[in-house]
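Please look over the chain below before reading on. The numbered points that follow cover charged side chains and then the strands.

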Amino acid sequence: MSESHSLEVYDKDGWCRTYPLQKPIIRIGSDSGNDVVLENERGDGVASLHAQLIASSENGSDNGAAYRLINLTDTEIVLNPEGGEKLLPRSAVNVSDAFTFIVGQFTLKFHTGSGAART
């Protein structure tokens, strides 16, 4: 992957960690074997394997999407919290720069290498 992508993770108390996304499939969940680990000690409501980010194979796909977020659980994932959108269970959505979503009590924000990250 030529561009530098990352995922910022915030817990309910404001703790933050940035994960570089260097693989075509990124696993997100509470299990320690995931690429992005959302630890039970930092927040509730996260399945062992909750979601995946899969690199988009289409350059220039709609909205400049670099990844697709796939909800692997039976619960909804809140997307762009201010807009009140939700990702239904077993569904997917394109992810582009500054895309924000909530998994359990964690807020995750996707960044591409193009442009400055916004908070």
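1. Glutamate 76 has a relative accessible area of 41% in this predicted model, so this residue counts as partly exposed. Its side chain meets that of lysine 86 in a salt bridge, 3.6 Å from N to O. The pair links distant parts of the chain, ten residues apart: glutamate 76 sits in the loop between β6 (67-71) and β7 (77-79), and lysine 86 in strand β8.

2. Salt bridges with shared partners join Asp11, Glu39 and Arg42 into one network. Within it, glutamate 39 and arginine 42 form a salt bridge whose closest N and O atoms are 3.8 Å apart. Both residues are partly exposed, glutamate 39 at 35% relative accessible area and arginine 42 at 27%.

3. Which residue forms a salt bridge with aspartate 35? The partner is lysine 23, with the closest N and O atoms 2.7 Å apart. Aspartate 35 is partly exposed at 26% relative accessibility, and lysine 23 is partly exposed at 41%.

4. The count of salt bridges comes to six.

5. Turning to the strands, six of them make an open sheet in the order β2-β1-β11-β10-β7-β8, with antiparallel pairing. Its edge strands, β2 (16-21) and β8 (85-87), each pair on one side only. From one strand to the next, the twist averages 25 degrees.

6. Strand β1 (residues 5-10) runs antiparallel to β2, and six bridges join the two. Tyrosine 10 has cysteine 16 of β2 as its bridge partner.

Notes
Residues numbered from 1 in each chain as written. Predicted model: local features only at pLDDT ≥ 70, side-chain atom pairs only at ≥ 80, totals over all residues. Heavy atoms only, no water. Pairing = 2+ DSSP bridges. Helix = DSSP H or I, 4+ residues; strand = E, 2+ residues; numbered from the N terminus. Axes fitted to C-alpha atoms, helices over the stretch in contact; angles between N-to-C directions. Salt bridge = Lys/Arg side-chain N within 4 Å of Asp/Glu carboxyl O. Buried < 20%, exposed > 50% of the residue type's maximum accessible area, 1.4 Å probe, protein only.
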